[in-house]
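The sequence and structure come first.

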Amino acid sequence: MRRVLEGSHAVSCAVDLARVQVISAYPITPQTHIVERLAELVADGVLDAKYVRVESEHSALAAVIGAASAGARTFTASSSHGLALMHEMLHWAAGARLPVVMAEVNRALGPGWNIWADQTDSLAQRDTGWMQVYCEDVQEVLDSILLAYKLAEQVSLPMMVALDAFFLSHTYEPVDVPDQQAVDAFLPPWTPTEILDTRDPRAFHQLASPDYYMEFRYKMQQAMEEALRLYPALDAEYGGRFGRSYPMVQLVPFREGARAPLALVTTGSVTGTARVAQEELGRRGTPVDLVKLRLFRPFPQAEVRRVLEPYERVAVIDRNLSFGYGGIFAQEIQAALARLERRPAVYPFVAGLGGRDITPQTISAVVERSLGEAPPEDLLWAGLKE
Amino acid sequence: MVSGHLACPGCGAAIAMRFLLKGLNEKAVVALPACCWSIIAGPFPYSALRVPILHTAFETGGAVASGIRAALDARGETETQVVTWAGDGGTFDIGLQALSGAAERNEDLLYVCYDNEAYMNTGVQASGATPPGAWTTTTPTGSPKRTRKKDIMQILAAHRIPYAATASIAYPEDLVRKVQKAVALHGTKFLHIYATCPTGWKVASEVSVRLARLAVQTRIFPLYEVEDGERYTINLEPVGYLVDAYFEAQGRFRHLGREDLDRIQGQVDRDWDRLKALARLG
């Protein structure tokens, strides 16, 4: 069914369709619309779930960890400072191998207080053992939640679906909402065996000595690699059932069969703007190919290499910053390309921090600089007031 | 509870767990935030308890238990009792927020704090439960703890939960009865168990229970219940020995002088009078 949905409500809608059993969340702008709608759905009896109204984000994830450990399909949502407060429990959920799914609304961290879009919050959680996916539009947000449950439950790792503050969370778009039966067929109930059970009492997550700890971590890494292997088939299955596909790395060539001199890599909602900029640049005689990077953890290294290897130049736009180094996606892409014999020159741009608009003009400037200048030693800033 | 646990000799927390398990029904799930019991329960792949245990991070006792409760309810397992078993650090300090959240929501769970009056698992550092005058490694004898022990019972009573009670390893029948009473009630139940730590208190392991009894007999740790945050019942009227006997027995108070003991006696007497007054209000 086609409906006009706000990005946040697309999340709530998907959580409902996934038949989540326990939801726990603490309000933080701009995540609030997600959990308000879920509270309504539970209160109205539409969604048969328990809603645990906790006193902090740290407790929200802790509650969800308790619930998942007792065998429930769970959901929480967060953003920015809330996610930072959850940090410890992010590690715990992953180490406990629980397929928790979280919607994470990308928002800048203070000071100064800033409620607008910035990916530094979720990317700072890179090493917690969570899978991460970054969405371009509201439809992708809805579909990603459903895909996330399936993938998380298959590999026993938690997954974060990231969407840009306001650009996606508060934007209404027409969305194709799958019907419940089709979702049930795609996403059957989660039936874990390793749970808190009085009939089979066991201890979970106790002291793990040096004799064991490393193997637990080895298995988490294996699960990440497994997720990378499973992803294409899962995406294909989703495409077959619902008619929409989301490759982990998507190449959008300016002209089919031709290769532009520059590949522009984007993530999140900037990709939508980049599609417009790509057309405009083409009309002005500057063809550029667009590469949308969707999956961040596990990082699709081989796919990034395969897609980007043929290019002379690659420009990356990062709406995030690892202080003292540069944009985080650019950093990972450079690492992925490092082993190639002939590798593209990478132009790492930082743009749009704290919700500053990344306009088609910003993107044109990024493209023109990358085509006109020698490869930089350091990061490049786009849209900075100097 | 089976043999092979990793508690120190004379550990009050091990004794407390035995009595908790005696009071529980067969259907119970235990959430265990970081505390001495994170070690006592045994390393992977062992467990010294025959109930399902979820080990969890320090400050999450109230929240994790709430989540377990929600999942069990969603599965229709409403009769299974969810228990949080936490030390005083995880209850009085770092876990207070999550405990308060759970109590405010009146989650159907039993939260048990075994109180050994400091962070014992990390090597005897002061907590919000450490009594005035006590030596710990972060309140050394040159600068012992000056402030009062946080009144956790008043804090929980202020949440108006259906049941809060103190208990002691020296009064097992009373302790087990309180566990049984708690699990029969719906909502948040809080049990504050006084549990000696021979290592941290610098006492011989065989005096654990005797010391716990002295704490009750001197009215330092009275046994009482609070129902719905209002109705106070004192379970035992001690003779009321002077606190000296209790303090003299422990290495952690060895530096205290007459003046200190008199001041503490005054505090204990005032607290007892106040408790009696509350009990009279019925």
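Buried means under 20% relative accessible area, exposed means over 50%, and partly exposed lies in between (1.4 Å probe, protein chains only). This is a predicted model: local features need pLDDT of at least 70, side-chain atom pairs count only at pLDDT 80 or more, and totals for chains, interfaces and linings use all residues. Residues are numbered from 1 along each chain as its sequence is written, chains are lettered from A and ligands numbered from 1 in the order in which they are written, and side-chain values use heavy atoms, with hydrogens and water left out.

**The interface**

In chain A, 35 residues are in contact (heavy atoms within 4.5 Å) with 39 residues of chain B. The two chains bury about 2,900 Å² between them, 66% of it on carbon and sulfur atoms. Buried area here is the accessible area (1.4 Å probe) that two parts lose on being put together, summed over both. Leu196(A), Thr198(A) and Gln206(A) supply 20% of the area that chain A buries against chain B, more than any other three residues.

Three salt bridges run between chain A and chain B. A salt bridge is a side-chain nitrogen of Lys or Arg within 4 Å of a carboxyl oxygen of Asp or Glu. Arg53(A) forms one with Glu104(B).

Strands also pair, which takes at least two DSSP bridges. Strand S9 (203–204) of chain A and strand S2 (residues 53–56) of chain B pair in the parallel sense over two bridges. Helices (H or I, at least four residues) and strands (E, at least two) are DSSP runs, numbered from the N terminus. Ala203(A) stands opposite Ile53(B).

Ser38(B) lies in helix H2 (residues 36–40) of chain B. Ser38(B) is buried, at 14% relative accessible area. Beyond neighbours within four places in sequence, its contacts are Leu207(A), Leu32(B), Pro33(B) and His55(B).

**Salt bridges**

The structure holds 44 salt bridges over all chains. Four are listed here.

| Pair | Closest N to O |
|---|---|
| Arg53(A), Glu104(B) | 3.5 Å |
| Glu107(B), Arg105(B) | 2.6 Å |
| Asp262(B), Arg258(B) | 2.9 Å |

Glu107(B) is buried at 13%. Arg105(B) is buried too, at 15%. Lys181(B) is partly exposed, at 26%. Asp262(B) and Arg258(B) both lie in helix H11 (residues 258–281) of chain B, four residues apart, about one turn of the helix. Asp262(B) is partly exposed at 42%, and Arg258(B) at 44%. Salt bridges that share partners join Asp174(B), Arg177(B), Lys178(B), Lys181(B), Glu225(B) and Glu227(B) into one network.
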